[in-house]
Amino acid sequence: MKNLKGLIIIFLCLYGGKILSGIIPIMMPETIYGMVIMLILLLTKTIKLESIEEMANILISMMLIMFIPSGVNMIKIYDLIKADMIKLLITVSLSTIITIAATAFVIEKMIKLMEGEKIETDSIR
């Protein structure tokens with residue numbers, strides 16, 4: 001029952017994202033709006049992490065399966081993309097490297113920020 005509740009909350013957030021994408025004129029995927037809705041609900045403690053955590057973990061564990069249709073489609077259209085394969089590989093490689101570097105940079109800054117807050121909190125006591 002807990003998993004069903006978590007699944008319903010996740011789908012409601014995604015549906016809310018679908019509605020928001022039709023209202024807000026910014027071009028952004030519906031799922032991003034849904035994640036922002038969920039983030040706001042979690043930060044405001046409107047929903048508890050425990051109510052969605054187990055179902056979210058189940059969905060994350062199945063995420064690899066969700067990419068199978070895309071992989072099969074790539075095989076189907078291979079003849080169309082083989083002429084541009086080098087360009088595609090360079091683009092994908094560069095964007096992956098940039099994403100990893102940006103993630104590392106943000107994580108490093110967040111760790112320093114969190115350590116700074118921890119030091120300030122400890123010095124107050």
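1. With 4 residues, α2 gives the most to the lining of the largest pocket. Please keep in mind that this is a predicted model.

2. The volume of the largest pocket is about 260 Å³. Besides α2 (30–43), the elements that give two or more residues to its lining are α1 (2–23) and α3 (49–61).

3. The lining of the largest pocket consists of I10, C13, L14, T31, G34, M35, M38, A56 and L59. By class, 7 of the lining residues are nonpolar and 2 are polar, with no charged residue.

4. The largest nonpolar core has 7 residues in all: I9, I10, C13, M38, I47, I52 and M55. Two or more of its residues come from each of α1 and α3, and α1 gives the most, with 3 residues. I10, C13 and M38 belong to this core and also line the largest pocket.

5. Which residues does I47 touch, not counting those up to four places away in sequence? The contacts of I47 are I9, M38, L41, L42 and I52.

6. α3 has 13 residues, and the distance from its first C-alpha to its last is 18 Å, close to the 18 Å expected at 1.5 Å a residue. Its buried residues are S51, I52 and M55, and they pack against α1 and α2.

Methods:
Residues are numbered from 1 along each chain as its sequence is written. This is a predicted model: local features need pLDDT of at least 70, side-chain atom pairs count only at pLDDT 80 or more; totals for chains, interfaces and linings use all residues. Side-chain values use heavy atoms; hydrogens and water are left out. On a 1 Å grid over the protein atoms alone, a cavity is a set of points where a 1.4 Å probe fits but cannot get out, and a pocket is an open set with protein on both sides within 12 Å along at least five of seven lines; lining residues have an atom within 4 Å of a point. Grid points are joined across faces, edges and corners, and a volume is the space filled by probe spheres set on the points. Ala, Val, Leu, Ile, Met, Phe, Trp, Tyr, Cys and Pro count as nonpolar, Asp, Glu, Lys and Arg as charged, and the others, Gly among them, as polar. A nonpolar core is a set of buried Ala, Val, Leu, Ile, Met, Phe, Trp, Tyr and Cys residues joined through side-chain atoms within 4.5 Å. Buried means under 20% relative accessible area, exposed over 50%, partly exposed in between (1.4 Å probe, protein chains only). Contact means heavy atoms within 4.5 Å. The expected span of a helix is 1.5 Å times one less than its number of residues.
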